[in-house]
Amino acid sequence: LQRDPEEFGTGGDREEEPSFFDEAIIRGDLQGAQVRLPAEAGLYRLFVAVRDNHGGAATANVPVRVDGPAVASNASPAALPLTVYSEAAEPSGYVPSGWMGDINAIRFDPAWTDRPQSGKTCVRCVFHASKGWGGVAWQNPPNDWGDRAGGYDLTGAKKLTFFARGEEGGEVVTFEFGVIPHDEEFPDTGKGRLEGVVLGREWQRYEIPITNQDLRRIKTGFVWTVASRDRPVVFYLDNIRWE
């Protein structure tokens, strides 16, 4: 049994590996199978393979939808530390797909090579609107604001750390996680926030402490938002991770 992604990429787009539920198969033999479905609502797919003793085999699968309230226990367990961003070429479980506010005024380059905090690349973020606000959320699953199951179980994490610097110094940015509210079908179970951080021109380490938070399902693993000002807001991020 595995979770069905429900949405599929095209043209070689990266897709998250679905969660598997080996413990759901209580019994399986030639007479049939007994399967205990997960408690969390959503779409799943059950696979069967039959083999003989002569090298022959057959397979089949069937979709199964579980109705009911969403629970957090089936988010993918994460091994800590969990890296949200380190190098542009290294995949992460969280994807910067959640563009917010005036998205046409956002410029986002995850492979910027000028003065990274470490390694070869960092993230360059630009918001150039004269009014309004904008931001980007790293999501799991991508492009989801609470309609689909997913996220990571980050139980045991003590902090979310990252490095940031401004282009000129004085840039004001808010950093947070867990922005999907509880009135959505699949919300974040916890949240944290650093409001109105004033960046300097040199790299500085920042930390969002985790205090009395339920981390069993975190779908927005890192978020930044900025408000417009009289000139473009340009800043850089590197080495974002849960510890």
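Strand β13 spans residues 159-166 and is mostly covered, with six of its eight residues buried. Buried means under 20% relative accessible area, exposed means over 50%, and partly exposed lies in between (1.4 Å probe, protein chains only). Strands here are DSSP runs of E, at least two residues long, numbered from the N terminus. This is a predicted model: local features need pLDDT of at least 70, side-chain atom pairs count only at pLDDT 80 or more, and totals for chains, interfaces and linings use all residues. Residues are numbered from 1 along each chain as its sequence is written, and side-chain values use heavy atoms, leaving out hydrogens and water.

Now look at what β13 pairs with. Two strands count as paired if DSSP finds at least two bridges between them. β13 runs antiparallel to β16 (residues 204-209), over six bridges. Ala164 has Gln204 of β16 as its bridge partner. Six bridges also join β13 to β18 (residues 233-242), again antiparallel. Here Leu160 stands opposite Trp242 of β18.

Strands of a sheet pair through backbone hydrogen bonds, either parallel or antiparallel.

Turn next to an open sheet. Five strands form it, in the order β8-β11-β17-β14-β15, with antiparallel pairing. Its edge strands are β8 (95-101) and β15 (192-198), and each pairs on one side only. From one strand to the next, the twist averages 15°. For such angles, axes are lines fitted to C-alpha atoms (for helices, over the stretch in contact), and values run from 0 to 180 degrees between N-to-C directions.

Five bridges join β15 to β14 (residues 172-177), and the two run antiparallel. Phe175 has Leu194 in β15 as its bridge partner.

Definitions and conventions: Helices (H or I, at least four residues) and strands (E, at least two) are DSSP runs, numbered from the N terminus.
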